[in-house]
Amino acid sequence: MRVRVKLFATYREIVGRRELAWPIHAGDTIGTVVDGLVVKHPGLGPFRDTMLLAVNEEFVHADVALADGDEVAIMPPVSGGIA
Amino acid sequence: MIAVQRGRIDIAAVVDSVRRQDAGAVVLFLGTVRADPGVAALDYEVYRPMAIRRMTDLVDRAKAKFGVLDVSIVHRLGRVPVGGDSVAIACSAPHRKEAFAACGWAMDEVKRIVPIWKAEAVKAPKAARRPRRSGA
């Protein structure tokens, strides 16, 4: 199973991609995906607590479970700047 | 009218989109790019489908909360130069009080929940002038 992860503004610049495919396992939450991304891209670490998260274009909390094919968005606070 | 667009905002079209026979007031808000020191333009990045969804939802909430008749929101995407309009919000209502209140609230909500980010495009530093040779 996998999800599509969309990244915006500062996070897009840190990761160097607008979108990527990310593998998930049964029971994974959006928080699990963020944790994995932070390990792979440590530059995201300082932003971990202020990220806005969405699944299929709806804001969600980090404990929301994901399903195969979901569109995950990881976003800085809105109206925020790009570093 | 709800839109996220690269092109210039047609202000008259935004205002006309909320005109109604039962409206006694139309309020228009324009967000414009301010000439802060060194800033030549702002670059707007948008998560478009979610932005459209959030704006549609907040228009419905504005109607329920303030009793306004119609609300239009148009936001720019990409580069907007200093002095340009980055967002236009128009609200129509039977009376001005609700129209003013709804327009201010809608702009606050756009900045709070609509996934749009801006980055400053800075002015290029002036090229160093070559010293003139005397007598040239």
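User: Which strands of chain B form an open sheet, and in what order?
Analyst: This is a predicted model. In chain B, three strands make up an open sheet, ordered 5-3-7. Their pairing is antiparallel. Strand 5 (78-81) and strand 7 (116-122) of chain B are the edge strands, each pairing on one side only. On average, neighbouring strands of this sheet are turned by 30° against each other, direction ignored.

User: How many bridges join strand 3 to strand 5 in chain B?
Analyst: Four bridges join them. Strand 3 of chain B covers residues 39-46 and runs antiparallel to strand 5 of chain B. One pairing to look at: A41(B) has P81(B) in strand 5 of chain B as its bridge partner.

User: What holds paired strands together in general?
Analyst: Strands of a sheet pair through backbone hydrogen bonds, in a parallel or an antiparallel sense.

User: Why is strand 4 of chain B described as largely enclosed?
Analyst: Seven of its seven residues, 70-76, are buried, so the rest of the structure largely encloses strand 4 of chain B.

User: Which residues point which way from strand 4 of chain B?
Analyst: D70(B), S72(B), V74(B) and R76(B) point one way. V71(B), I73(B) and H75(B) point the other way. All of them are buried.

User: Switching to helices. At what angle do helix 2 and helix 3 of chain B cross?
Analyst: Roughly 150°, and their axes come within 10 Å. Helix 2 of chain B is residues 48-66, and helix 3 of chain B is residues 96-113. Helix 2 and helix 3 of chain B are therefore roughly antiparallel to each other.

User: Is that crossing left-handed or right-handed?
Analyst: The crossing of helix 2 and helix 3 of chain B is right-handed.

User: How many aromatic pairs are there over all chains?
Analyst: Four, from a search of the whole structure. Take F8(A) and W117(B): their ring centres are 5.0 Å apart and their planes are at 20°, so the pair is stacked.

User: Where do those two residues sit?
Analyst: The pair crosses between chains. F8(A) is in the loop between strand 1 (2-7) and helix 1 (9-15) of chain A. W117(B) is in strand 7 of chain B. F8(A) is buried at 6% relative accessible area, and W117(B) is buried at 0%.

User: What about Y11(A) and F47(A), how are their rings placed?
Analyst: Their centres are 5.5 Å apart and their planes are at 55°, so that pair is tilted. Y11(A) lies in helix 1 of chain A, and F47(A) in the loop between helix 2 (30-40) and strand 3 (52-55) of chain A, so the pair ties together parts 36 residues apart in sequence. Y11(A) is buried at 1% relative accessibility, while F47(A) is partly exposed at 28%.

User: Which residues form one aromatic cluster with F8(A)?
Analyst: Y47(B) and W117(B).

User: Last one. What confidence does the predictor give?
Analyst: The complex gets an ipTM of 0.87 and a pTM of 0.87. For chain B, the mean pLDDT is 92, and 90% of its residues reach 70 or more.

Notes: Residues are numbered from 1 along each chain as its sequence is written. Chains are lettered from A and ligands numbered from 1 in the order in which they are written. This is a predicted model: local features need pLDDT of at least 70, side-chain atom pairs count only at pLDDT 80 or more; totals for chains, interfaces and linings use all residues. Side-chain values use heavy atoms; hydrogens and water are left out. Buried means under 20% relative accessible area, exposed over 50%, partly exposed in between (1.4 Å probe, protein chains only). Two strands pair if DSSP finds at least two bridges between them. Axes are lines fitted to C-alpha atoms, for helices over the stretch in contact, and angles run from 0 to 180 degrees between N-to-C directions. pLDDT is the predictor's confidence in each residue, from 0 to 100. Rings of Phe, Tyr and Trp (its six-membered ring) pair if their centres lie within 6.5 Å; planes under 30 degrees apart count as stacked, over 60 as edge-to-face and the rest as tilted. Angles under 35 degrees count as roughly parallel, over 145 as roughly antiparallel, 65 to 115 as roughly perpendicular and the rest as oblique. A crossing is left-handed if the near helix is turned anticlockwise from the far one by less than a right angle, and right-handed if clockwise.
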